[in-house]
Amino acid sequence: MKGNYLEAEKLIDCLKAVINQQKIPANDILMNWELFFKTADFHHVSNMVYYTVMGMKQGIPQEWPNRFAVRYRKAVAAEEQYRNLVEAVLWNCDQNGIHVMALDDAIYPGFYPMREMRLVDKVDFWVEGKKRGELDRMMYCLDFIPEENTQPGVYRYTRSGVCLTFYEKLIFGNKKLTRYFSMPVKSLPRKEDSLYVHKMEEPGLFIYLMCSKAQRFVDGEFDLRDMVDIWLYYRAVVRGSSWKYIMKQLGRLEVWNFTNKMLDLTDIWFGGGGVGEAESQETFEELENYIFFKGAQGQETAMQILPLLKQTIREKRKKQKKEKRIKIQKWMFPDREYMTMIYPRMGKYRILLPLCWMRRLVRSFFIYIKTKLRKKRKMENVS
């Protein structure tokens, strides 16, 4: 298993070696290093792979260790920058009386062997509602510029490629998940020595993070970095008796099957586990395709383990059909201004509009038939 081409298999072997601090995998000089680099970059793990590439320089064109080194240095700089910003935002919120919690990308680096192994390219925060004015002033002091956003309750700020986003509510693509996490952020436990900075605790944190990963899976954003996140976070915390509660809650949210399959697949990749007798190897291969190609392949199997994906795809197709229907309708029956340009004699007489529509449709039909016949004659002459 492990992907469906050599470079994918080598990439997972490299990640496994880094995560478990094992022996660096042997170099394969026949490997397509450009494809290997692009795959790692596409899945946001090129900075992690840097550690193994540096250990097997022999036989590798010098261009590729250098390119991996560039990615590693950027990841180190970005991690430090975002870590300092998270601390600054949380401190300022605490001083200004804004209830806040740092979300996923501020949580996962702490579970990696070294924080810089986890590429951070954005950070999200959960804040109490109706604090837009205070947030704008606070972010202005941190030299951030607000971005326009049509989604209510979502505030995004940028500075030189750095992006921080604040959510008044935890938003998912599924109403059931959104309702489950509809509590206000200030209802969560506070961090030590803080009145306004909050945190999630186990087992609620595990449930939230897996629901968040499920949403990324649905959105086609799920990648190898997410798989490493799941594996390292799952191994770091002993849940004991709370595991039954986690299974029950994730089952109610229809995310348990997804969680179970992802834990099994990470164990196969990074822990040395195998496919159980009751499991189908074909199922895991399809999941690998879905992950490696970010939703472009393996959709049928993915929908089986995550009903949320099936619902989203159904809604997406329904929306596409509606848009297509509206587009056809607009083409068949253009507005009056457009028809007046084609048929100036229609003038202000609205009653003539249906007749002009019919004339235009009949004319378009005959043009279509004429074009088809011309193409047919042309093909006959060529043959």
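Predicted model: local features only at pLDDT ≥ 70, side-chain atom pairs only at ≥ 80, totals over all residues.

Biologist: Let's start with the rings, then: how many aromatic pairs does a search of the whole structure find?

Modeller: The search finds 25 aromatic pairs. One of them joins Trp33 and Phe36, whose ring centres are 5.2 Å apart with 75 degrees between the planes, an edge-to-face arrangement.

Biologist: And how are Trp33 and Phe36 placed in helix α2?

Modeller: Helix α2 covers residues 33–42, and because Trp33 and Phe36 are three residues apart in it, about one helical turn separates them. In general, an α-helix has 3.6 residues a turn, so residues three or four places apart point the same way.

Biologist: Are Trp33 and Phe36 buried or exposed?

Modeller: Both of these residues, Trp33 and Phe36, are buried. Another pair is made by Trp269 and Phe270, which counts as edge-to-face because the planes of the two rings stand at 75 degrees, with the centres 5.9 Å apart. Trp269 has 0% relative accessibility and therefore counts as buried, and Phe270, at 1%, counts as buried too.

Biologist: OK, which residues form one aromatic cluster?

Modeller: Tyr108, Phe111, Phe206, Tyr233, Tyr234, Trp243 and Trp256 form one such cluster. Elsewhere, Lys294 lies over the face of Phe42, at 4.2 Å from the ring centre.

Biologist: Switching to pockets, how much space lies in the largest pocket?

Modeller: The largest pocket holds about 630 Å³ of space. It is lined by 26 residues, and those closest to its centre are Lys122, Asp124, Tyr167, Ile171 and Ser212.

Biologist: Which element gives the largest share of that lining?

Modeller: That is α8, which contributes five residues. At least two lining residues come from each of α5 (104–107), β4 (154–159), α8 (204–218) and α9 (224–236). Sorted by class, the lining of the largest pocket has 13 charged, eight nonpolar and five polar residues.

Biologist: What about the second largest pocket, how much space lies there?

Modeller: About 470 Å³ of space lies in the second largest pocket. Its lining is made of 25 residues, with Val86, Leu90, Ala102, Ala106 and Lys191 closest to the centre. Here α4 gives the largest share, nine residues, while α4 (63–96), β1 (100–102) and α5 each supply at least two. By class, the lining of this second largest pocket divides into 14 nonpolar, nine charged and two polar residues.

Biologist: Last topic, helices: what span should α1 have, and how far apart are its end C-alpha atoms?

Modeller: Helix α1, residues 6–20, has 15 residues and should span 21 Å at 1.5 Å a residue, which agrees with the 21 Å between its end C-alpha atoms. Eleven of those 15 residues are buried, so α1 is largely enclosed by the rest of the structure. Among the buried ones are Leu11, Ile12, Cys14 and Leu15, as well as the charged residues Glu7, Lys10 and Lys16.

Biologist: And how far does α16 reach?

Modeller: Helix α16, residues 353–382, has 30 residues and reaches 44 Å from its first C-alpha to its last, close to the 44 Å expected at 1.5 Å a residue. Within α16, the residues Leu353, Cys356, Arg360 and Leu361 are buried.

How values were computed: Residues numbered from 1 in each chain as written. Heavy atoms only, no water. Phe/Tyr/Trp six-rings, centres within 6.5 Å; stacked < 30°, edge-to-face > 60°. Helix = DSSP H or I, 4+ residues; strand = E, 2+ residues; numbered from the N terminus. Buried < 20%, exposed > 50% of the residue type's maximum accessible area, 1.4 Å probe, protein only. Lys NZ or Arg CZ within 6 Å of the ring centre and 35° of its normal. 1 Å grid on protein atoms, 1.4 Å probe; cavity = no way out; pocket = protein on both sides within 12 Å on 5 of 7 lines; lining within 4 Å. Points joined across faces, edges and corners; volume = space filled by probe spheres on them. Expected span 1.5 Å × (residues − 1).
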